Amino acid sequence: MAENVIEKDTVIIGSGPGGYVAAIRASELGQDVTIIEKSDTVGGVCLNVGCVPSKALITAGHRLQQAKDSSTYGITTSDATIDFTKTQAWKDEKVVARMTGGVQMLLKKHHVELINGEAYLDSDTQLRVMPSGPRQFMDNGGGQTIKFKHLILATGSRPIEIRGFKFDDRVIDSTGGLNLKEVPKEFVIIGGGYVGTELAGAYADLGSHVTILESSPNIIPNFEKDMVSIVKKNLEKKGVTIITNAMAKKSENKGDSVEVTYEVDGKPTTISADYCMVTVGRRPNTDNFGLEMTNVKLTEKGLVEVDEQGKTSVDNIYAIGDITPGPALAHKAFFEAKTAAGAISGKHTANDYIGVPAVCFTDPELASVGLTEKDAKDKGIDVKVAKFPFAGNARAVSLDAAEGFVKLIAQKDTGTLLGGQIVGPGASDLISELSVAVNCQLNAEDIALTIHPHPTLGEPIQEAADILIGYPTHI
């Protein structure tokens, strides 16, 4: 008997930030869309066990610290405590469930078919969907064969497990770090990048003593040193121990604790902790779903080769998000999703990454877009640089959050804004203005002549632009 094959128009593997946005846009453009998702929830890592729940824990930590000591404002409070079980319930039920439920509603609204199962590619035009979870060997488990016209790969990434640190109940990845049952007294974090540093600050606020082991000379190496130094100082104020040039060697599970051995300059040191979280990067999910059965080409790092529209080496297959070159950012995936969906519908869409901002939700926040001063000089561009401190901003001072600055990078002869960096209160929100400016190739005068409301945290952007055009006001 011939196998029943279902024909589909646009199929998307994965319902994370890239997948669900691609589905919505493709539906809006008239495509008949099907998403295949192996998890029992939509939203991918970001909504379920990544950027969204981590911000919830960061918020809880900030609230606890404010409740413990607001004496600066003349407010006296009794000793504040935390019920971490209730904190985790709020994060899971009021934040994560609400956001994933919203995505599910949007998919339904746009008539996107959602199939729960694991996709396995058979060729450039066909795949099988198998039920998620464990299966007996050689058991087809009632799988379904789908012939697709277009395919968008949005399979995301997973944490890297390093040698000597096999994940268990004491050595955990970022997912485990977000779902601890109690606040650790001692918490070791291997990797001082975005995720490690954000959660280090969160757990320090929640009451942990945190040790960061970072193999490079500085934490958060993707941001400039003058920005990171402010974050580093605040982490140390929270009691965080930061050890750089540290090579993690091995871990030993002691049942109710874990011993971590690391080396600095060849000298081994062992420390004990309740948990050790490994956040040294993520690996693209381009394996274990039959990609080798297609003509899709991969880079040496296992990423999918794509053109400016996200098209792979196979004309009807596109790839977006963490499995493609570039930073593993949800908002990058959003952008690529819309581009790919548009390309399938014949739109002249293209990805342009110059305006993609990078944000780290540390204390204070870090944000950057476009070129840094070093980037510009490395490219041989003659630039002007202006920096305005939040200490000169009335709103930041009134919030008792006057650390940090706004820095603008402009081409010297034209004044065209090439990039901007912000470290300070609200940096994650403020960077959007600079993303627009860089993306639209505005010049410093455009920013300087834009009236910013007073008193707000956005004024330092205008103040820095005033410096660039040679007419500083509040400095």
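**View 1. Helix 3 crosses helix 4 in a right-handed sense.** A crossing counts as right-handed if the near helix is turned clockwise from the far one by less than a right angle, and as left-handed if anticlockwise. The model is predicted, with local features needing pLDDT of at least 70 and side-chain atom pairs pLDDT 80 or more, while totals for chains, interfaces and linings use all residues. Residues are numbered from 1 along each chain as its sequence is written, and side-chain values use heavy atoms, without hydrogens and water.

**View 2. Helix 3 (residues 51–68) packs on helix 4 (residues 84–109) at about 140 degrees, with the axes 10 Å apart.** Helix 3 is therefore oblique to helix 4 (under 35 degrees is roughly parallel, over 145 roughly antiparallel, 65 to 115 roughly perpendicular, the rest oblique). Axes are lines fitted to C-alpha atoms over the stretch in contact, and angles run from 0 to 180 degrees between N-to-C directions. Helices are DSSP runs (H or I, at least four residues) numbered from the N terminus.

**View 3. The largest cavity has a volume of about 60 Å³.** A cavity is a set of points on a 1 Å grid over the protein atoms alone where a 1.4 Å probe fits but cannot get out, and lining residues have an atom within 4 Å of a point. Volume is the space filled by probe spheres set on the points, which are joined across faces, edges and corners. The structure holds one cavity of 30 Å³ or more.

**View 4. Helix 6 (194–206) and helix 3 each supply at least two lining residues of the largest cavity.** Helix 6 gives the largest share, five residues. Among the lining residues are Ile-58, His-62, Glu-198, Asp-205 and Phe-361.

Key:
1 Å grid on protein atoms, 1.4 Å probe; cavity = no way out; pocket = protein on both sides within 12 Å on 5 of 7 lines; lining within 4 Å.
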